[in-house]
Amino acid sequence: MTGAMVNVGIGLMTSILSGGGVWLWQRLGSVRALRRKARFFGMTPGGTCLIILNNKYDKPGTTHHNDVHALIEAATLAREVRCEVSVESSDTFLGSNEGSMEFCIGGPSGSNVRTAGHLAHNLPGVTLRPHGGRDSLAIVVGDEKFRWKRGEQEYALVAKFTPPGATRPVMLISGQRAVANHAALHFLRESYRQVAEVVNSVEQFCIIVKVSSVDTYGFQAAALERDVTAAAFSAA
């Protein structure tokens, strides 16, 4: 074999090894990213993601279009992690989520009765004010109060915890309006790594997501406002 042919052979072998190395590195990176996402949301590839859908405020049997979009965000997350999706109504679903990771969407006042139960049993430091009055729809966590300013400044409470008797966690999304529910889930899809860096543990946490200039930017102007884990899981 001539020197030129040897050089060509070495060049081809180097290209093959280099291309294979890049593919393997990208493949390993994709697997690691999938595992990080699955761990953050408490999902298991091949498992089931249960989505509890709420009612439109004071209109049982109907769902606001922004809450439908929130459901789509949750279902997309589940499919990205290769989970099966099961959707149930907050009016009819009873019992533990058991081995299914659960997304529970909507506030407790006239929208999602399951949210009220989750708050009462797992988040003693949280109070969600009902619609009407001076502090209408305010989210109160410990000594902090996050007030609702329609169309200008709105908030969503996002909490992850594992209820008694369950082996997979609940991700509770309780926005002051349906648009805040949509904004919070969209934010989690896009920025879960940011949240993971802020909270002490991805196994249990509670954060506030702020949605600014809703009348201008809709659900897309969401940002992490604060980690309120300590106060949320402590008795008031």
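**Strands, helices and cysteines**

Q: How many bridges link strand 5 and strand 6?
A: Strand 5, residues 139–141, pairs with strand 6 over 3 bridges, in the antiparallel sense. Pairing takes at least two DSSP bridges between two strands. Strands are DSSP runs of E, at least two residues, and helices are runs of H or I, at least four, numbered from the N terminus.

Q: Before we go on, what kind of model is it?
A: A predicted model: local features need pLDDT of at least 70, side-chain atom pairs count only at 80 or more, and totals for chains, interfaces and linings use all residues. Numbering starts from 1 along each chain as its sequence is written, and side-chain values use heavy atoms, leaving out hydrogens and water.

Q: Back to strand 6. Which residue there is the bridge partner of V140?
A: K145.

Q: In what order do the strands of that sheet run?
A: The order is 4-5-6, in an open sheet of 3 strands with antiparallel pairing. Strand 4 (126–128) and strand 6 (144–146) are the edge strands, and each pairs on one side only. From one strand to the next, the twist averages 15°.

Q: Where does L137 sit?
A: L137 is in the loop between strand 4 and strand 5. Its phi is near 65°, a positive value in a residue other than glycine.

Q: Is L137 buried or exposed?
A: L137 counts as buried, because its relative accessibility is 15%. Buried means under 20% relative accessible area, exposed over 50%, partly exposed in between (1.4 Å probe, protein chains only).

Q: New topic. How many residues of strand 8 are buried?
A: 6 of 6, so strand 8 (residues 170–175) is mostly covered. Both faces are covered. V170, L172 and S174 are buried on one side, and M171, I173 and G175 on the other.

Q: Which way does strand 3 pair with strand 8?
A: Strand 3 (residues 101–105) and strand 8 pair in the parallel sense, over 4 bridges. F103 stands opposite M171 of strand 8.

Q: And how many bridges join strand 7 to strand 8?
A: 6 bridges, with strand 7 (residues 153–161) and strand 8 running antiparallel. Here V158 stands opposite I173 in strand 8.

Q: On to helices. At what angle do helix 2 and helix 4 cross?
A: Roughly 20° between the axes of helix 2 (residues 65–80) and helix 4 (residues 178–198), which come within 7 Å. That makes helix 2 roughly parallel to helix 4. Under 35 degrees counts as roughly parallel, over 145 as roughly antiparallel, 65 to 115 as roughly perpendicular and the rest as oblique. Axes are lines fitted to C-alpha atoms, for helices over the stretch in contact, with angles from 0 to 180 degrees between N-to-C directions.

Q: Which residues meet there?
A: N66, H69, E73 and L77 are among those in helix 2. On the helix 4 side, the list includes N181, H182, L185 and R189. Contact means heavy atoms within 4.5 Å.

Q: Last one: how many disulfides?
A: The structure holds 0 disulfides (cysteine sulfur pairs within 2.5 Å). For C83, the nearest cysteine sulfur is that of C49, 6.4 Å away.

Q: Is C83 buried or exposed?
A: C83 is buried, at 1% relative accessible area. C104 counts as buried too, at 0% relative accessibility.
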